[in-house]
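Have the sequence and the 3D view open as you read.

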Amino acid sequence: MIISIYRKLSILAVISSTLLISMPQPALAAESTGEEDTLLFPGEDTKNKLVYHFNKSDETYQLAVLNTIRNMLRKYGDDIKIVVSVMGPGIHMLLKDPGVPVIPAVRNQVESLAFYGVEFHACGNTLITLRKEANDVVEFATVVDTGVADLMELQQQGYAYVSW
């Protein structure tokens with residue numbers, strides 16, 4: 001009886017492997033675009049780069065911008081680099097103790113996006129105007145000297161500019 005079970009398992013294994021080999025493979029059946037798919041690892045450069053200009057404290061505006069960032073991450077996954085350059089009234093969403101109300105949905109989305117690799121740059125000039133310092137900014141944000149210069153320099157590095 002034991003021999004017949006092993007025999008049945010062997011036959012089943014041969015049949016299964018034959019069926020798998022004869023089935024069309026999706027990756028092989030797809031038409032070639034002429035470009036090889038390459039895997040990107042954390043820290044590697046990508047051709048897909050966006051910089052968002054974020055300068056308003058209105059929650060509808062903030063949620064709309066954050067939603068488009070999330071959509072871009074869904075579409076491109078690890079094959080995109082996104083920086084949000086935050087200045088003016090928008091800076092409050094990056095402050096540990098904001099001067100104006102920041103709704104939890106905005107704060108949560110910003111933290112989540114940072115977790116997924118989106119960079120947030122806080123304008124140093126805006127912080128000076130508000131009498132704030134770098135240690136008043138959330139830990140995941142980077143303070144830059146001037147927000148507008150940050151936008152220009154990122155565009156010079158190949159980032160596409162997105163403004164609302």
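## Ground rules

This is a predicted model, where local features need pLDDT of at least 70, side-chain atom pairs count only at pLDDT 80 or more, and totals for chains, interfaces and linings use all residues. Residues are numbered from 1 along each chain as its sequence is written, and side-chain values use heavy atoms, with hydrogens and water left out.

## The overall layout

The protein chain has six helices and five strands. Both kinds of element are DSSP runs numbered from the N terminus: helices are H or I with at least four residues, strands are E with at least two. Reading from the N terminus, you get α-α-β-α-β-α-β-α-β-α-β.

Of the 164 residues in the protein chain, 30% are buried. Here buried means under 20% relative accessible area, exposed means over 50%, and partly exposed is in between, using a 1.4 Å probe and protein chains only. As for contacts (heavy atoms within 4.5 Å), take those in the protein chain with a separation of 6 or more: 70% of them are between residues 24 or more positions apart.

## The sheet and its helices

The five strands make an open sheet in the order 4-3-2-1-5, with parallel pairing. Two strands count as paired if DSSP finds at least two bridges between them. Strand 4 and strand 5 (160-163) sit at the edges with a single partner strand each, so one side of each has no neighbour in the sheet. On average, neighbouring strands are turned by 25° against each other, direction ignored.

Strand 1 pairs on both sides. With strand 2 it pairs in the parallel sense over six bridges, and K49 is partnered by K81. Five of the six residues of strand 2 are buried, so that strand is largely enclosed by the rest of the structure.

Helices pack on this sheet too. Helix 3 touches strand 1 and strand 2, and its direction makes about 175° with that of strand 1. Helix 6 (residues 147-156) touches strand 1, strand 2, strand 3, strand 4 and strand 5, at about 165° to strand 1. For these angles, axes are lines fitted to C-alpha atoms (for helices, over the stretch in contact), and values run from 0 to 180 degrees between N-to-C directions.

## The nonpolar cores

Which residues have the most contacts inside the largest nonpolar core? They are I69, I82, V84, L94 and F120, in a core of 27 residues. A nonpolar core is a set of buried Ala, Val, Leu, Ile, Met, Phe, Trp, Tyr and Cys residues joined through side-chain atoms within 4.5 Å. Strand 1, helix 3 (59-76), strand 2 (81-86), helix 4 (104-115) and strand 3 (119-123) each supply at least two residues of this core, and helix 3 gives the most, with five. Another core lies apart from it, with seven residues, among them V51, V83, M87 and Y159.

V84 is a handy place to look around. Leaving aside neighbours within four places in sequence, V84 is in contact with Y52, F54, I69, V118, E119, F120 and H121.

## Aromatic pairs

The structure holds three aromatic pairs. Rings of Phe, Tyr and Trp (its six-membered ring) pair if their centres lie within 6.5 Å; planes under 30 degrees apart are stacked, over 60 edge-to-face, and the rest tilted. One of the pairs is F54 and Y61, tilted at 5.4 Å centre to centre with 55° between the planes; both residues are buried.

Another is F120 and F140, edge-to-face at 5.9 Å with 70° between the planes. F120 belongs to strand 3 and F140 to the loop between helix 5 and strand 4, 20 residues apart. F120 is buried at 0% relative accessible area, whereas F140 is partly exposed at 31%.

## Two loop residues

Is T46 buried or exposed? At 8% relative accessibility, T46 counts as buried, and its place is the loop between helix 2 (26-29) and strand 1 (49-54). The T46 side chain makes a polar contact with the side chain of D79 at 2.6 Å. A polar contact is a pair of N or O atoms within 3.5 Å; within protein, one must be able to donate a hydrogen and the other to accept it, and residues adjacent in sequence count only if both atoms are side-chain atoms. A polar atom of the T46 side chain also lies 3.2 Å from the backbone nitrogen of N48.

E139 sits in the loop between helix 5 (124-129) and strand 4 (141-144) and is exposed at 67% relative accessibility. Its side chain makes a polar contact with that of K96 at 3.3 Å.
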